[in-house]
Amino acid sequence: MLGLTQNWTKTFLHTSQFYFSRNRSLGLNEFSNLTDISSQLGIAGVSSIPFDYGLPGINFTNFTGLSDPNPSLNRSQTYRYVDSFRWSRAKHTISIGAEIRKMDINRRPIPRPMGSSPSQD
């Protein structure tokens, strides 16, 4: 946060503030950006992007299936500018202001980079 407060007179006050925040989260599996297991096994129709590498989902009858977590990358940032004026008189204070906010939400979603069988849709 960066702010500036100005006392223009004894009764008139001006305040400006700028805020910036950023959040980044990355979730990978053991094969992301390393080994393309699907192409080594000859499986077609899955993502060929190194970020999405991983084990293809395998389902078994009467048993729990095998799968890797899907890689994810989320980046969010917010810019805020707040400006206000305050006027004080005897027993009363009047404040007026405005806020401008810009939010960037960037996600890299590929819901099923390793493909899916028709029964999973």
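Where is A90 found? I looked it up in the loop between strand 5 and strand 6; strands here are DSSP runs of E, at least two residues, numbered from the N terminus.

Source notes. The model is predicted, local features need pLDDT of at least 70, side-chain atom pairs count only at pLDDT 80 or more, and totals for chains, interfaces and linings use all residues. Residues are numbered from 1 along each chain as its sequence is written, and side-chain values use heavy atoms, with hydrogens and water left out.

I noted a positive phi of about 40° at A90, although A90 is not a glycine. A90 is exposed, at 92% relative accessible area (exposed means over 50%, with a 1.4 Å probe and protein chains only). N62, also not a glycine, has a positive phi of about 65°. I placed N62 in the loop between strand 3 (58–60) and strand 4 (63–66), and N62 is exposed at 75%.

I traced an open antiparallel sheet of four strands in the order 1-2-5-6; two strands pair if DSSP finds at least two bridges between them. Strand 1 (2–7) and strand 6 (92–107) are the edges, each pairing on one side only. I checked D83: its bridge partner in strand 6 is A98.

Surface. I100 lies in strand 6 and is exposed, with a relative accessible area of 59%. I found I100 in a nonpolar surface patch of about 520 Å², together with L2, F18, F20 and Y81. Such a patch takes residues with over 30% relative accessible area and no salt bridge, nonpolar side chains being joined within 5 Å; a salt bridge is a side-chain nitrogen of Lys or Arg within 4 Å of a carboxyl oxygen of Asp or Glu. Areas come from the Shrake-Rupley method with a 1.4 Å probe.

Conventions. Patches are made of residues with over 30% relative accessible area and no salt bridge: like charges are joined within 9 Å, nonpolar side chains (Val, Leu, Ile, Met, Phe, Trp, Tyr) within 5 Å. Buried means under 20% relative accessible area, exposed over 50%, partly exposed in between (1.4 Å probe, protein chains only).
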